[in-house]
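Here is a short briefing on one protein chain. Keep the sequence and the 3D view open while you read.

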Amino acid sequence: MLAMEAIVTDEVEISERDIDRIEKAMRGGAEFTAVFPRLATVGTAIEGEGVNLVVHFTKKQGAPVHYVGGDDPAAAAAVREVDLRKKFYLQRNELAGKVGLSPPKAKVLRAHLGIDDDPNCCHVFEFGAQKIPCFSDNAKRRMEEALPNVDMSKLWANRNG
């Protein structure tokens with residue numbers, strides 16, 4: 001809990017003195033919100049005996065949960081970092097092959113669906129001057145779901161360039 005509270009504000013270091021202070025306050029029966037004021041909106045419920053920790057996120061109770069980018073942890077109580085290379089692992093030609101289209105036809109379908117502009121589907125990795133767009137499973141799923149309902153020959157005939 002002390003580590004979670006330290007994440008909320010900048011320039012906080014946890015010392016042995018902090019741990020002793022908190023241990024003394026908790027043993028003395030101090031209220032949770034008095035000991036951890038920055039975590040006042042986090043709720044807990046104790047049931048049963050022994051060590052059993054269950055974390056439950058709900059939309060209707062407790063503190064609001066927001067997903068933040070790994071490079072923008074502003075006011076986050078905790079940050080889960082995601083390896084973008086694992087999420088966006090498909091390059092253009094690989095994505096085309098997985099959905100059963102040629103790379104040019106896949107590009108037309110991606111443009112039609114707006115996949116290249118959707119941050120949940122596409123991420124552009126930059127290595128110096130080189131920019132490589134890569135795609136997630138979300139892009140693959142959206143393309144596969146759209147294919148039965150899209151007239152590819154019409155899209156191909158009306159493509160730009």
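At what angle do helix α5 and helix α7 pack, and how far apart are their axes? The angle is about 40 degrees, and the axes are 10 Å apart. Keep in mind that this is a predicted model.

**Overall layout**
- The protein chain has eight helices and three strands.
- Along the sequence, the elements follow the pattern α-α-α-α-β-α-α-β-β-α-α.
- The chain holds 161 residues, and buried residues make up 20% of them.
- Take the contacts with a separation of 6 or more: 60% of them come from residues 24 or more positions apart.

**The sheet**
- Three strands form an open sheet, in the order β1-β3-β2. The pairing is antiparallel.
- β1 and β2 (122-127) stand at the edges. Each has a single partner strand, so one side of each lacks a neighbour in the sheet.
- Six bridges join β2 and β3, which pair in the antiparallel sense.
- V124 stands opposite P133 in β3.
- The hairpin of β2 and β3 has two residues between the strands. In this hairpin, G128 takes a positive phi near 65 degrees.

**L90, in strand β1**
- L90 is found in β1, which covers residues 90-91.
- L90 has a relative accessible area of 2%, so it is buried.
- L90 and F135 are 45 residues apart along the chain, yet their C-alpha atoms are separated by 4.9 Å.
- Neighbours within four places in sequence aside, L90 is in contact with L95, K98, P133, C134, F135, S136 and K140.
- Two of these partners, L95 and K98, belong to the α5 side of the contact with α7. K140 belongs to the α7 side.

- S136 lies in the loop between β3 (130-135) and α7.
- Is S136 buried or exposed? S136 counts as buried because its relative accessibility is 2%.
- Neighbours within four places in sequence aside, S136 is in contact with K87, F88, L90, N120 and C121.

**α5 against α7**
- α5 spans residues 92-99, and α7 spans residues 137-146.
- At about 40 degrees, α5 and α7 are therefore oblique to each other.
- α5 passes α7 in a right-handed crossing.
- From α5, the residues in contact are L95, K98 and V99. From α7, they are A139, K140, M143 and E144.
- By class, this contact of α5 with α7 has four nonpolar, no polar and three charged residues.

**α6 against α7**
- How do α6 and α7 pack, and what is the angle? Helix α6 (residues 103-113) meets α7 at about 95 degrees, with the axes 11 Å apart.
- α6 and α7 are therefore roughly perpendicular to each other.
- A106, L109, R110 and L113 in α6 meet R142, M143 and A146 in α7.
- By class, the contact of α6 with α7 has five nonpolar, no polar and two charged residues.
- M143 of α7 meets α5 residues, and M143 also meets α6 residues.

Conventions. Residues are numbered from 1 along each chain as its sequence is written. This is a predicted model: local features need pLDDT of at least 70, side-chain atom pairs count only at pLDDT 80 or more; totals for chains, interfaces and linings use all residues. Side-chain values use heavy atoms; hydrogens and water are left out. Axes are lines fitted to C-alpha atoms, for helices over the stretch in contact, and angles run from 0 to 180 degrees between N-to-C directions. Helices (H or I, at least four residues) and strands (E, at least two) are DSSP runs, numbered from the N terminus. Angles under 35 degrees count as roughly parallel, over 145 as roughly antiparallel, 65 to 115 as roughly perpendicular and the rest as oblique. A crossing is left-handed if the near helix is turned anticlockwise from the far one by less than a right angle, and right-handed if clockwise. Contact means heavy atoms within 4.5 Å. Ala, Val, Leu, Ile, Met, Phe, Trp, Tyr, Cys and Pro count as nonpolar, Asp, Glu, Lys and Arg as charged, and the others, Gly among them, as polar. Buried means under 20% relative accessible area, exposed over 50%, partly exposed in between (1.4 Å probe, protein chains only). Two strands pair if DSSP finds at least two bridges between them.
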